[in-house]
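Open the model in your viewer and keep the sequence panel beside it. Each stop below tells you what to select and what to look for.

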Amino acid sequence: VPGKILAIHESDGMPMGKVEFGGIAKEICLAYVPEAEVGDYVLVHAGYAITRVDEDEAQETLKMIREMGGLGI
């Protein structure tokens with residue numbers, strides 16, 4: 001699921017981020033995307049950001065998820 005990084009911090013030596021998914025914010029591990037910055041969109045699976053994605057792709061994916069009734073967003 002794509003989400004936007006709102007904040008980045010470190011927890012127990014791991015880079016973590018507050019990531020928003022269409023209004024829902026979660027703490028996500030950013031260890032696999034060390035180049036990610038606040039404002040970037042990342043693809044998240046099982047609590048880990050696995051790659052960066054551009055905003056247009058993220059918004060289109062979130063739109064499709066909403067249309068399917070997923071994530072409650």
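**Stop 1: the β4–β5 loop**

Select Ala46, which sits in the loop between β4 and β5. Keep in mind that this is a predicted model. Ala46 is not a glycine, yet its phi is positive, about 55°. Most residues other than glycine have a negative phi. Is Ala46 buried or exposed? It counts as exposed, because its relative accessibility is 66% and the cut-off for exposed is over 50%.

**Stop 2: the β1–β2 loop**

Now select Asp12, in the loop between β1 and β2 (14-21). Asp12 also is not a glycine and has a positive phi of about 55°. Its relative accessible area is 80%, so Asp12 is exposed.

**Stop 3: helix α1**

Select residues 55-67, which form helix α1.

Next, colour Ala58, Leu62 and Ile65, which are buried in α1. They cover an arc of only 60° around the axis, which means that they lie on the same side of α1. What do the buried residues of α1 pack against? They pack against β1 (2-11), β4 (41-45) and β5 (48-53).

Then go to the N-terminal end of α1. Asp54 caps it, with a side-chain oxygen 3.2 Å from the backbone nitrogen of Asp56. Just after α1, pick Gly69, which takes a positive phi of about 80°.

**Stop 4: the nonpolar core**

Show these side chains together: Ile5, Val19, Phe21, Ile28, Leu30, Val33, Ala36, Val42, Val44 and Ala49. These 10 residues make up the largest nonpolar core. The elements giving two or more residues to this core are β2 and β4. In soluble globular proteins, nonpolar side chains tend to be buried together.

Centre on Ile5. Beyond its neighbours within four places in sequence, Ile5 contacts residues including Val19, Leu30, Ala36 and Val42. Asp40 is also one of its contacts, and that residue is the next stop.

**Stop 5: Asp40**

Select Asp40, in the loop between β3 (24-29) and β4. A polar atom of the Asp40 side chain lies 2.8 Å from the backbone nitrogen of Glu37. Not counting residues up to four places away in sequence, Asp40 touches Gly3, Lys4, Ile5, Glu35 and Arg52.

How many salt bridges does the structure hold? It holds 1. Asp40 forms a salt bridge with Arg52, and the closest N and O atoms are 3.8 Å apart. The pair links distant parts of the chain, 12 residues apart: Asp40 in the loop between β3 and β4, and Arg52 in strand β5.

**Stop 6: Arg52**

Finish on Arg52, in strand β5. Is Arg52 buried, partly exposed or exposed? Its relative accessibility is 40%, so Arg52 counts as partly exposed. Show its surroundings: setting aside neighbours within four places in sequence, Arg52 is in contact with Val33, Glu35, Ala36, Asp40, Tyr41 and Val42.

Definitions and conventions. Residues numbered from 1 in each chain as written. Predicted model: local features only at pLDDT ≥ 70, side-chain atom pairs only at ≥ 80, totals over all residues. Heavy atoms only, no water. Helix = DSSP H or I, 4+ residues; strand = E, 2+ residues; numbered from the N terminus. Expected span 1.5 Å × (residues − 1). Buried < 20%, exposed > 50% of the residue type's maximum accessible area, 1.4 Å probe, protein only. Arc of directions from axis to C-beta. Contact = heavy atoms within 4.5 Å. Polar contact = N/O pair within 3.5 Å; in protein donor to acceptor, adjacent residues only side chain to side chain. Core = buried A, V, L, I, M, F, W, Y, C linked by side-chain atoms within 4.5 Å. Salt bridge = Lys/Arg side-chain N within 4 Å of Asp/Glu carboxyl O.
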